[in-house]
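Please examine the sequence and the structure before reading on.

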Amino acid sequence: MDKNRGRALASVFLLFCLSCFLSAAAGSVNISFSEILAVIGGRGQAVHENILLRVRIPRTAACALAGSGLAVAGVVIQNVLQNPLAGPNIIGVNAGAGLAVVLCGYFFPLSYRLMPAAAFFGALAAVLFIYGLAKKTGASRVTLVLAGVSVNSLLNAASDLVHTFGNDTLTSTYSFRLGGFSAVSVQVLVPAGIFIVLCLLFVCFLGNELEVLGLGEQVAMSVGLNIRLFRFLFLTLAAALAGAAVSFAGLLGFVGLIAPHMARRMVGEECGYLLPFTALFGACFVMVCDLAARTLWAPYEIPTGILLSFVGAPFFLYLLFQQRRRRSHD
Amino acid sequence: MIRCEALTAGYGQKPAIRDIAWQAEPGSLTVIAGPNGCGKSTLLKSIMGQTRIYQGRVLLDGRPADSWNARERAKRVAYVPQSRNEVNLTVARMVLHGRFPYIVYPRHYTKEDQDMVDWALEKMGIQDLRHRLMSELSGGERQKACVAMALVQNAPSILLDEPTTYLDISCQLELMDILKQLSGEGKAVAAVLHDLSHCLTFADRITVMENGAVADAGTPDEILDRGILENVFRLKIRRGADETGKKYYWFQRQKED
């Protein structure tokens, strides 16, 4: 068992390295592996150096950070809400972050450093609202998802309203709704990226607690977990991860749903394997989708979020029907 | 040792159990019996701090339960709830989480914790299942794994909420033997059971609950002699004994007049 999971982890790490390389190498100008090494060693051509350092590497880093952040946020939210359908984009967490970013852009245009913080508070408000709703009403898994969908719509409508009355600054960030990396800026990426890495490390550090929480409220309490404290802490971390990712990548959908499910299938629920696998798989998934979005229809580039939705929506439906089938068998 | 004094507890605004005086003693298997909805599970949850307590108190090892922090409480009483999430963890990993109250910096389970898991799996006779996923087990195997998780908590008291539900008769009897064995080793074991035959056969003491209150408590013979089970469940209970003196019981529904 451990050997298989170790192999799965090693495989996804290799896939991650390959995705990083492809994401950096492929595009309107293809750059060979040796040229990438030459640029890293400071001996590359100026044109390749410019492309790699100013465009490709920041974009690859943005894809990897957003993918891993959203994917791990998905694992955390699903464990805390005990609901495998609760992806951050489905229950309105991304939309909450999105609304906060749009409001931030409206009231404080060009204040990039405020955006991750605004996204965090927006995501946190949305996730706490959904959690409160689940707790208060004892909503079933599907009801919670439906409630999340309506919260999602409401928050997106609010974002649209701000856009409608917004100024030119907001118009330039309109692609944010679609989700993508074509306009990613290093100014926003660096603080958000640091935030994501720190949160990922912290979630991994609390892996045992997350696993115990996944055993259910009664069991977690009976083995001495302070569930109020850890639920709040985990939801805060999930909001921080999703919010920071949304602040520079826009409303990317389904990463937080697909990556955790694939990871659970490959390595089970033991967090020592699940969290790194999810983070790496989420990063690979977004990098590959972004690569496809900018190369398949070249010279046109479609927003990565659109491609993710084309893959993610059928996957979500599959999960939904699988849940129903399982319930009817029980 | 667990002791409840004048305990009134429940959920939201309404108490589900009232004025409960109850205790689980070391070296004894105490069974809580009563009709559906009488507050048996609420009593166990109240001891575990999972309900709202309106009046009275729960004492663990002579101290109010809420004066222990969550981990210290878990070291004193283990709890096997009626239902739990279906998880995709291996049996060994799930059982290992029973050592969670003992985990200290740098927050990794130790060799001692792993040894406790080996011991508990062996005691429950499920060593060969250690690498299997919980979601792949049968009901009986899963229940044994849950009891193993409670065992590695190494708490002097163990509470079990309907541990025999969904198990076939062979598994039920095996589990009851294990509980009896644990109480024989000095633990205070308390279980909510629906099967009156098991209650009367295995319990050292029975607490009968009705409408959120304790209707009676005593040894199985005392409870039978006082006819309290018959009143509460509207049953006629007859007892017999085989040639070795082992008692058995049969039950008949009382006819409405």
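The coordinates come from a predicted model.

**Chain A**

Chain A contains 14 helices and zero strands. For 330 residues, a compact globule would have a radius of gyration near 20 Å, and the 20 Å of chain A therefore agrees with that expectation. Along the principal axes, the C-alpha atoms of chain A occupy a box of roughly 60 × 55 × 35 Å. Of the 330 residues in chain A, 51% are buried.

**Strand β8 of chain B**

How many of the five residues of strand β8 of chain B are buried? Five of the five, at residues 188-192, are buried, so β8(B) is largely enclosed by the rest of the structure. Ala188(B), Ala190(B) and Val192(B) point one way from the strand, while Val189(B) and Ala191(B) point the other way.

| Strand paired with β8(B) | Residues | Sense | Bridges |
|---|---|---|---|
| β3(B) | 28-33 | parallel | five |
| β7(B) | 157-161 | parallel | five |

Individual positions illustrate these pairings. Ala191(B) in β8(B) stands opposite Val31(B), and Ala190(B) in β8(B) is the bridge partner of Leu159(B).

Key
Residues numbered from 1 in each chain as written. Chains lettered and ligands numbered in written order. Predicted model: local features only at pLDDT ≥ 70, side-chain atom pairs only at ≥ 80, totals over all residues. Buried ≥ 20, exposed ≤ 12 C-beta atoms within 10 Å, placed from the backbone. Helix = DSSP H or I, 4+ residues; strand = E, 2+ residues; numbered from the N terminus. Pairing = 2+ DSSP bridges. Rg over C-alpha atoms; globule rule 2.2 N^0.38 Å.
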